[in-house]
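Have the structure open as you read.

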Amino acid sequence: MDSFGACSVIITNNNSSKRLEKAIRSVLDQSVPPIDILVVDDFSSADAWTSSQECVESLGDPRIKLIRRGSSRGQINAIFDGLEVCRGDFISFLDPNDLYEPDFVETLLRAHLNPLRIAAVATCEMGRYNVAGGVLSRTFTGFRQKALADKKLEEMEAHQRKYGFSRFFNPWEVGWPWSSTSGLMIRKDAMRMIRPEGLADDFLHSVDVYCAHGAHMIGGTLFVDQLLSWKGVDDENSAHRPLSFSSRHARPESSLADDAENVKDAVLHALLRNGISKYLKVQQVGEVVTTQYSRDRLSVLCADSPAVSDLMMRFGANLDWSKDSAVDGI
């Protein structure tokens with residue numbers, strides 16, 4: 001049996017064809033090659049679409065498949081269009097501005113296939129670079145800084161050498177343990193469980209919030225403290241601010257941060273509609289939901305959704321939970 005599973009890479013593209021070739025080449029240069037590469041064009045302009053076709057044709061690799069959407073419905077929906085045709089059991093994503101290190105696929109597959117835990121998500125450290133040239137930073141998550149502050153860095157480094165991942169984050173752990181879209185590898189079965197089916201039509205971006213948060217809630221996250229991907233930053237990036245001056249300033253645009261709670265709500269609705277209760281006990285789902293969502297947020301969701309209300313009643317929640325540590329947001 002092969003040492004590694006099959007990975008598919010999905011690249012969503014909307015009028016970013018001029019950087020597409022470099023992104024694809026970083027996938028083709030992987031030490032463990034993906035089984036296929038899906039380039040999903042979210043109804044780019046005619047000129048950009050033609051450029052994408054020419055790019056894929058010039059690369060001449062049969063693993064690359066180019067899909068043209070009939071209308072622009074956002075990055076989340078585009079990802080799931082790619083999911084329909086990809087063949088891998090593990091799915092990674094790459095923005096056209098971003099790049100993989102050559103061992104990205106190999107390292108995250110190794111993390112997923114560790115001998116200790118089955119998790120829904122694997123993620124890694126990410127760097128930032130100026131697409132015009134030059135490295136801006138070699139950290140995105142702050143994972144190493146926190147591990148050092150907690151005096152657990154040596155332990156986590158040893159754990160990664162032995163098992164392929166630095167730390168496992170349980171599904172009920174809140175916060176943002178991930179990097180960004182291009183630093184994720186998610187099990188296909190977890191992706192199927194969060195298929196939006198119209199629930200993501202209002203969100204042009206936030207694919208990392210939707211996919212990472214949703215998959216994490218049902219299977220947890222493995223973190224690899226190794227820089228394996230790069231986020232490209234420039235004035236045309238619609239999701240992240242072009243400035244980089246410290247770890248303290250907000251990276252995503254404020255409009256995307258404001259959308260995060262609504263995206264999380266859509267994930268919960270998708271999980272319930274797709275039948276998560278067939279695979280996890282009500283107690284398991286309820287414990288995760290009551291830590292990932294605040295009481296106020298769940299009160300609104302229960303009022304608006306019979307499915308959420310039914311889950312909470314079967315879980316035995318009365319919106320007066322003892323887990324007051326639940327945190328709003330990501």
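A residue counts as buried when its relative accessible area is under 20%. Keep that cut-off in mind while looking at this predicted model.

**A covered helix**

Start with helix H8, which spans residues 207–219. Its 13 residues reach 18 Å from the first C-alpha to the last, close to the 18 Å expected at 1.5 Å a residue. How many of the residues in H8 are buried? Twelve of the 13 are, leaving the helix mostly covered. Among the buried ones are Val207, Tyr210, Cys211, His213, His216 and Gly219. Just after H8 comes Gly220, with a positive phi of about 75°.

**A helix partner**

Two packed helices are described by the angle between their axes and the distance between the axes. For H8, look at helix H3 (residues 75–85): the two axes come within 8 Å and cross at roughly 55°. Because of that angle, H3 is oblique to H8. From H3, Gln75, Ile76, Ile79 and Phe80 make the contact, while H8 brings Val207, Tyr210 and Cys211. Sorted by class, this contact has six nonpolar residues, one polar residue and no charged ones.

**Strands around E9**

Now turn to strand E9 (residues 184–187). The table lists two strands joined to E9.

| Strand | Residues | Bridges to E9 | Direction relative to E9 |
|---|---|---|---|
| E4 | 90–94 | three bridges | antiparallel |
| E6 | 121–130 | three bridges | antiparallel |

Which residue in E9 is the bridge partner of Ile91? That partner is Ile186. Met185 in E9, in turn, stands opposite Ala122.

Methods
Residues are numbered from 1 along each chain as its sequence is written. This is a predicted model: local features need pLDDT of at least 70, side-chain atom pairs count only at pLDDT 80 or more; totals for chains, interfaces and linings use all residues. Side-chain values use heavy atoms; hydrogens and water are left out. Helices (H or I, at least four residues) and strands (E, at least two) are DSSP runs, numbered from the N terminus. The expected span of a helix is 1.5 Å times one less than its number of residues. Buried means under 20% relative accessible area, exposed over 50%, partly exposed in between (1.4 Å probe, protein chains only). Two strands pair if DSSP finds at least two bridges between them. Axes are lines fitted to C-alpha atoms, for helices over the stretch in contact, and angles run from 0 to 180 degrees between N-to-C directions. Angles under 35 degrees count as roughly parallel, over 145 as roughly antiparallel, 65 to 115 as roughly perpendicular and the rest as oblique. Contact means heavy atoms within 4.5 Å. Ala, Val, Leu, Ile, Met, Phe, Trp, Tyr, Cys and Pro count as nonpolar, Asp, Glu, Lys and Arg as charged, and the others, Gly among them, as polar.
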